[in-house]
Amino acid sequence: MTKITFVEANGTVHETQAENGASVMETALKNSVPGIVAECGGACTCATCHVYVGGEWTDKVGAPSAMEEDMLDFAFEVKPSSRLSCQIIVSDEFDGLVVNIPEQQG
Amino acid sequence: MNETHITTDVVVIGAGPVGLFAVFELGLLDLKCHLIDILDRPGGQCAELYPEKPIYDIPGFSVISGQELTDNLMKQIEPFGAVFHYNRMINNVKKLDSGGFKVIDDEGQVYECKVVVVAAGGGSFQPKRPPVPGIEVFEDKSVFYSVRRMEEFKDQDIVIVGGGDSALDWVLSLQPLARSMTLVHRRDNFRAAPDSVNKMKELVAAGKMKLILGQIGELNGENGMLSSMTIKSADEVLSIPVTRLLPFFGLTMKLGPVADWGLDLENNLITVDTEKFETSVPGVFAIGDINTYPGKLKLILSGFHEGALMSQAAKRIISPDERIIFQYTTSSTKLQKKLGVK
């Protein structure tokens, strides 16, 4: 299990134990973390699982693919640390990952 | 607006896979359908959210894409001559004293029918509203999510936000009649067709419009009429004049007017029985993702089953004196005739 922490826009912290191989989005839904809508269910077609991967994790998690970058056009308040959480697959290297959830998924 | 008053057996609201298959089951029972959908093509979520994505749980297909499933269903229901009305949202469903229903869409078209089938999935796909405080007061006055009448944009300071085909197409169409045109996009990379992007860049180079890389900030104006807005770019906040704003951030699912039709709801889903999939209003049925009942699973295959049972109940309402004989398409010459099997 890999520890992933979600921080809501209002500061509420959710610490979860994620299964390796699952996406960060799926981890959020499984743990009832508010603010991750995931309208399309993980198909990278809706931009409603937008998160910020900040600090040291930005580089570790890596940049979005071209397709994901395109979908981020449909998100709001996009930052250099923006990612779609359905496209981040949990693995041992991400133990301790902290992601921030934007105020609105649109 | 000047279409005739349409009369039909069944109005199906939503042309996703479940609405499409309902046409098949209703058709085998000789019931004619009109389908209405807010999108410009059939398929619902399958077409809008995952046309190219594989679906693994359609019985008989180890894998099929949303688009393939839609295409196959369209072919399967072809013999039944259903009539499709796209780009329309149903605003109203009224019960008539004479029995039956009057269904009215957002363009004022009236459909009179004996049975209504709500197969609206997650609701209707509606434009995403940018999370800008107070944007609601400007909507339909100076903020628009689509262009219905180009005259609304004549001699205006137009700002279009987005980087896809909708944004770029409207930049090119509206620029000639605008007082000023500004395209705002968060990055210097566009999803729109390269040809449109090149044309836009030529206009920028010729000084006929502006391109600003940034995101929507604040909106300012009075009585719903915009006068200026701010754009947050990487290192500064710009203020620009604007009298018409067109944000294009794609679509999101909203329950929409379904909530106002007087049907019993539970957590924004329509409650139905599991014998007929009828709602709290007799003659109005709900099938697919939009309904709920004990044990409900939001699967396409569940929606197909619901459509089959619903059709039997719809037939009993529409032809109360006719005996329904249960038949198989494999062996019934009568059903095969309806399907056009030779």
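Hi everyone, let's start with B:Ile6, which sits in strand 1 of chain B, residues 6-13. Keep in mind as I go that this is a predicted model.

So, is B:Ile6 buried or exposed? B:Ile6 has a relative accessible area of 10%, and because anything under 20% counts as buried, B:Ile6 is buried. Which residues does B:Ile6 touch, once we set aside its neighbours within four places in sequence? The contacts are B:His34, B:His85, B:Gln109, B:Val110, B:Tyr111 and B:Glu112. While we're in that part of the chain, B:Gly108 is 102 residues away from B:Ile6 in sequence, and their C-alpha atoms are 12 Å apart.

You'll find B:His34 in strand 2 of chain B, residues 33-36. B:His34 is buried too, at a relative accessible area of 11%. Leaving out residues up to four places away in sequence, B:His34 is in contact with B:Ile6, B:Thr8, B:Val10, B:Val11, B:Val12, B:Val83 and B:His85. Notice that B:His85 turns up in the contacts of B:Ile6 and in those of B:His34.

Now over to the helices. Helix 1 of chain B, residues 17-28, packs with helix 6 of chain B, residues 300-318, at an angle of about 35°, and their axes are 8 Å apart. The crossing of these two helices is right-handed. Who makes the contact? From helix 1 of chain B, the residues include B:Phe21 and B:Leu26, and from helix 6 of chain B they include B:Phe304, B:Gly307 and B:Met310. By class, that contact has ten nonpolar, three polar and one charged residues.

Key:
Residues are numbered from 1 along each chain as its sequence is written. Chains are lettered from A and ligands numbered from 1 in the order in which they are written. This is a predicted model: local features need pLDDT of at least 70, side-chain atom pairs count only at pLDDT 80 or more; totals for chains, interfaces and linings use all residues. Side-chain values use heavy atoms; hydrogens and water are left out. Axes are lines fitted to C-alpha atoms, for helices over the stretch in contact, and angles run from 0 to 180 degrees between N-to-C directions. Helices (H or I, at least four residues) and strands (E, at least two) are DSSP runs, numbered from the N terminus. A crossing is left-handed if the near helix is turned anticlockwise from the far one by less than a right angle, and right-handed if clockwise. Contact means heavy atoms within 4.5 Å. Ala, Val, Leu, Ile, Met, Phe, Trp, Tyr, Cys and Pro count as nonpolar, Asp, Glu, Lys and Arg as charged, and the others, Gly among them, as polar. Buried means under 20% relative accessible area, exposed over 50%, partly exposed in between (1.4 Å probe, protein chains only).
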